Amino acid sequence: MDIKTGFVGTVGNTPLIRINSFSDETGCEILGKAEFLNPGGSVKDRAALYIIEEAEKKGQLQPGGTVVEGTAGNTGIGLTHICNAKGYRCLIVIPETQSAEKIDLLRTLGADVRTVPAVPYRDPNNYVKVSGRLAEELDNAIWANQFDNLANRLAHYETTAPEIWHQTDGQIHAWTAATGTGGTYAGASLFFKEKNPDIRCVVADPMGSGLYSYVKTGEIQPEGNSVTEGIGNSRITANMEGAPIDDALQVDDPAALRVIYQLLYQDGLYMGGSVGINVGAAVALAKQMGPGHTIVTILCDSGSRYQSKIFSREWLESKGLWSDQLLPPSRD
Ligand SMILES: Cc1ncc(COP(=O)(O)O)c(C=O)c1O
């Protein structure tokens, strides 16, 4: 018998997918860990589970308690599913710029959702800081604090990366991922470097994020902006501190969109925006390293979370991001 115990038992153990179109194009094996197949639909289910179970172990979360978090969406979705499965309440603070699909889904799942204006981290009204204050004000509540709570990267160190290691028999030359909290990138790169210091660990960064310049020059100097969600940062989180970084690659939105639409029309994979940055960086890395290498990245969530944005021609046109390269191929 092969039966998973509830939602919690179904988190993780996702397939590793060879991305055929880009692998064939580059002569490298470009592999994507299919995190969109987690039961809550994203890579963040793993971090959400570790954060809640660590709070339970430490006795910080009592029956009927509340989990509070500031999130771009996916962590909140994972947390709310797990709270439902374990009998907790969930209070989510989210910037109003995040996709309506994610905000509506959080409400459908039963979270108490508070939308706030998107302001920088240094502003006291930033969504992360608001969530921290709300957690302090409530009784029997924890602040998940995904950016600086190391249970987040531990989830990837103990589960995501070992799964990839087994799925590839340890035959990996490079690892790349964009960072939001940094949990996925850092947890996996710490694991891979321990196993084999020659595995190249590369931060993938969208425009508008400060990590690319940080890796290249030591200064956090964000430039431009991006329509991708859940990734990019203008500070080094506790989860990113001490993470091995060999290099960084920047992928702009037009390049990420071409990747997303190629994944859809040539590989049959309907992916969210951060996957465009991840696979775009994996392809750039394949070109740098040359044919014959195996490069692993993350397929963080599905395109259905962004239907009204990056999959709407009208919306893309309003942002000046539409191009005829994004049209479906003719199958004549
Ligand atoms: C769609 C998406 N991609 C990537 C990430 C980045 O993951 P991490 O927070 O582990 O850096 C997130 C995080 O919220 C996300 O929502």
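Predicted model: local features only at pLDDT ≥ 70, side-chain atom pairs only at ≥ 80, totals over all residues.
Strand S2, residues 29–33, runs antiparallel to S1, and 3 bridges join the two. Both strands are part of an open sheet of 6 strands, ordered S1-S2-S10-S7-S8-S9, in which the pairing is mixed. At the edges stand strand S1 (16–18) and strand S9 (247–251); each has a single partner strand, so one side of each is left without a neighbour in the sheet. From one strand to the next, the twist averages 25°.

What lies across this part of the sheet? Helix H7, residues 151–167, lies across S1, S2, strand S7 (174–178) and strand S10 (294–298). The helix runs at about 140° to S2.

I turn now to the interior. In soluble globular proteins, nonpolar side chains tend to be buried together. Here, the largest nonpolar core has 63 residues, and the members that touch the most others are Trp175, Phe192, Leu263 and Val279. Which helix gives the most to this core? Helix H11, residues 273–289, does, with 8 residues. There is also a second, separate core of 25 residues, including Ile51, Val67, Leu79 and Leu106.

Phenylalanine 192 deserves a moment of its own. Setting aside neighbours within four places in sequence, this residue is in contact with Ala161, Ile164, Trp165, Ile172, Trp175 and Ile199.

Next, the chain as a whole. Its secondary structure comprises 12 helices and 10 strands. The radius of gyration is 19 Å, close to the 20 Å that the globule rule gives for 332 residues; the protein chain is therefore as compact as a globular protein of that length. Along the principal axes, the C-alpha atoms fill a box of roughly 60 × 50 × 45 Å. Of the 332 residues, 56% are buried. Among contacts with a separation of 6 or more, 70% are between residues 24 or more positions apart.

Finally, the annotation. An unreviewed UniProt entry places the feature "domain: Tryptophan synthase beta chain-like PALP" at residues 10–301. How much of the chain over residues 10–301 is helix, and how much is strand? The computed figures are 43% helix and 17% strand, and the end C-alpha atoms of that stretch are 16 Å apart.

Methods
Residues numbered from 1 in each chain as written. Heavy atoms only, no water. Pairing = 2+ DSSP bridges. Helix = DSSP H or I, 4+ residues; strand = E, 2+ residues; numbered from the N terminus. Axes fitted to C-alpha atoms, helices over the stretch in contact; angles between N-to-C directions. Contact = heavy atoms within 4.5 Å. UniProt positions renumbered as here; feature names shortened; annotations may be inferred. Core = buried A, V, L, I, M, F, W, Y, C linked by side-chain atoms within 4.5 Å. Buried < 20%, exposed > 50% of the residue type's maximum accessible area, 1.4 Å probe, protein only. Rg over C-alpha atoms; globule rule 2.2 N^0.38 Å.
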